[in-house]
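Colleague: I would like to learn how to read pockets and sheets in a model. Can we start with a pocket lining?

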Amino acid sequence: MVKVAFQGERGAFSEDAVVKFFGEEVDPLPCACVRDVFQAVLEGKVDFGVVPVENSQAGSINETYDLLLEYPLNIFAEVILRVSHCLMALPGESLESIKTIYSHPQALAQCEQFLRRLEVQIMPSYDTAGSAKMIKAGRLKGCAAIASERAAGIYGLQILAPKIESNVNNYTKFFVISHKKARLAKKSKTSLVFGTRNTPGALYSALGIFATRNINLTKLESRPSKDKPWEYIFYVDFEGHLGSKAYQEAVEKLTREATFVKLLGSYPQSS
């Protein structure tokens, strides 16, 4: 049975992503933080890790991008998950009996319109599923959590209101990370990170390498360099797999132009 690490308690949305990609028959390893997921994969404690990388509402998760640069691991696949929040409490509770609601700050923000209609105390917590676990373990009456439908099932809580997110177009992208490299797929994507010299036109020249070869960039994002204040590195996703000659040539040319290039992986593009 494949062993997979993810960040959060059982029932976290990261576990939903695990199940979406691998199916129900997995050996899950919950981790306290994203770095612990990377470390578990690096040390061989698990076969794969699943980490959040971007939310359609909140944007990129910078910690994950920094760890992709730091750790010698590969992006094996991407998983896009529709995030739907549920309000849950102990069996027998009702919306009228709830006085306090717990969840991760991002989940609370994503359910703001629903929460505004309730006269309750909002309490930020470290994790969505962790909030559900806390209510179950403490038998906390008059309290509810915002978490996934899976979390309600795991902790035996009653769903008082499903689909309470303000925006139905709420998706989170996850990367599956591994020591392994993904095979060539019919529709692939490649991710890499590079640095440029601090000279006029350096970034323009680097991006021109892709443009002149008709390679479609699907993401370009800058992050502060950890080595030099006020200088930046660039994360790029592009359509295609490094198994093809044109993409190999582009990366070879970029390696000569840039101060450094790190390939993060070529992997199947999620539909």
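Modeller: By class, four nonpolar, five polar and five charged residues line the second largest pocket. Nonpolar means Ala, Val, Leu, Ile, Met, Phe, Trp, Tyr, Cys and Pro; charged means Asp, Glu, Lys and Arg; the others, Gly among them, are polar. This is a predicted model: local features need pLDDT of at least 70, side-chain atom pairs pLDDT 80 or more, while totals for chains, interfaces and linings use all residues. Numbering starts from 1 along each chain as its sequence is written, and side-chain values use heavy atoms, without hydrogens and water.

Colleague: What is the volume of the largest pocket?

Modeller: Rolling a probe the size of a water molecule over the atoms shows where empty space is left. The largest pocket has a volume of about 520 Å³. Of its 21 lining residues, the closest to the centre are Gln7, Pro52, Ile61, His104 and Gln106. A pocket is an open set of points on a 1 Å grid over the protein atoms alone, where a 1.4 Å probe fits, with protein on both sides within 12 Å along at least five of seven lines; lining residues have an atom within 4 Å of a point. Points join across faces, edges and corners, and volume is the space filled by probe spheres set on them.

Colleague: In which sense do the strands of the open sheet pair?

Modeller: Strands of a sheet pair through backbone hydrogen bonds, either parallel or antiparallel. Here the order is E13-E14-E12-E15, with antiparallel pairing. Strands E13 (217–224) and E15 (260–268) are at the edges with a single partner each, so one side of each lacks a neighbour in the sheet. Pairing needs at least two DSSP bridges; strands are DSSP runs (E, at least two residues), numbered from the N terminus.

Definitions and conventions. Helices (H or I, at least four residues) and strands (E, at least two) are DSSP runs, numbered from the N terminus.
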